Amino acid sequence: QVQLVESGGGLVQPGGSLRLSCAASGSTFSIGAMGWYRQLPESQRDFVASITSGGSTVYADSVKGRFTISRDDAKNTMYLQMNSLEPSDTAIYYCNAVILNRSWRDYWGQGTQVTVSS
């Protein structure tokens, strides 16, 4: 059973920083591309950033220059360093990964709340 578990969310003031983590556990024979998404209540889930197994990254325009995605394959963990946070970054953040178990499948974490407010 493969699981993705996010951590690191919380309440931060505008201009502050947070670091999210996403750890994969279970029978993870190989992990492909990984990414972060965010969602507001009654809204669609929006792309934030992604990273391939080779380390190539893509960012949404709204977070370029402020957020940095990275991964540590030895720990089966992905990170999202978020700096210069704005109230508009408030959302539930979800991690996503394509993982080879018996076959390649798409997995999602349970989400972690990020609130940017003074």
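Q: Starting with the open sheet, what is the strand order?
A: In this predicted model, the open sheet has four strands in the order β1-β3-β8-β7, with antiparallel pairing.

Q: Which strands stand at the edges?
A: β1 (3–7) and β7 (67–72) do. Each has a single partner strand, so one side of each is left without a neighbour in the sheet.

Q: How many degrees are neighbouring strands turned against each other?
A: On average 15 degrees, with direction ignored, for neighbouring strands of this sheet.

Q: How many bridges join β1 to β3?
A: Five, and the two strands run antiparallel, with β3 covering residues 18–25.

Q: Moving on to β4. How many bridges join β4 to β9?
A: Eight bridges join them, and the strands run antiparallel. Ser-30 has Leu-100 of β9 as its bridge partner.

Q: And what about β4 and β5?
A: β4 and β5 also pair in the antiparallel sense, over six bridges. Arg-38 is bridged to Asp-46 in β5. The two strands form a hairpin with five residues between them.

Q: Which residue in that turn has a positive phi?
A: Glu-42, at about 60 degrees.

Q: New topic: salt bridges. How many are there in the whole structure?
A: A search finds five. Among them is Lys-64 with Asp-61, where the closest N and O atoms are 3.1 Å apart.

Q: Is that pair buried or exposed?
A: Lys-64 and Asp-61 are both exposed.

Q: What does Arg-66 pair with?
A: Arg-66 forms a salt bridge with Glu-86, with the closest N and O atoms 3.9 Å apart. The side chain of Arg-66 also meets that of Asp-89 in a salt bridge, at 2.7 Å from N to O.

Q: Where in the chain are Asp-89 and Arg-66?
A: Asp-89 lies in the loop between β8 and β9, and Arg-66 in the loop between β6 and β7. The two are 23 residues apart, and the pair links distant parts of the chain.

Q: Are these residues buried or exposed?
A: Arg-66 counts as buried because its relative accessibility is 12%, and the cut-off for buried is under 20%. Asp-89 is buried too, with a relative accessible area of 1%. Glu-86 is partly exposed, at 34%.

Q: Which residues are linked in a salt-bridge network?
A: Arg-38, Arg-66, Glu-86 and Asp-89. Arg-38 is the residue whose bridge partner in β5 is Asp-46.

Q: Now the largest nonpolar core. How many residues, and which have the most contacts inside it?
A: It has 30 residues, and those with the most contacts inside it are Trp-36, Leu-80, Met-82 and Tyr-93.

Q: Which elements give two or more residues to this core?
A: They are β3, β4 (30–39), β5 (45–51), β7, β8, β9 and β11 (112–116). β9 gives the most, with five residues.

Q: Why would such side chains sit together?
A: In soluble globular proteins, nonpolar side chains tend to be buried together.

Q: What does Met-82 touch?
A: Leaving out residues up to four places away in sequence, Met-82 touches Gly-16, Ser-17, Leu-18, Leu-20, Arg-66, Phe-67, Tyr-93 and Val-114. Tyr-93 is also among the residues with the most contacts inside the core, and Arg-66 belongs to the salt-bridge network.

How values were computed. Residues are numbered from 1 along each chain as its sequence is written. This is a predicted model: local features need pLDDT of at least 70, side-chain atom pairs count only at pLDDT 80 or more; totals for chains, interfaces and linings use all residues. Side-chain values use heavy atoms; hydrogens and water are left out. Two strands pair if DSSP finds at least two bridges between them. Axes are lines fitted to C-alpha atoms, for helices over the stretch in contact, and angles run from 0 to 180 degrees between N-to-C directions. A salt bridge is a side-chain nitrogen of Lys or Arg within 4 Å of a carboxyl oxygen of Asp or Glu. Buried means under 20% relative accessible area, exposed over 50%, partly exposed in between (1.4 Å probe, protein chains only). A nonpolar core is a set of buried Ala, Val, Leu, Ile, Met, Phe, Trp, Tyr and Cys residues joined through side-chain atoms within 4.5 Å. Contact means heavy atoms within 4.5 Å.
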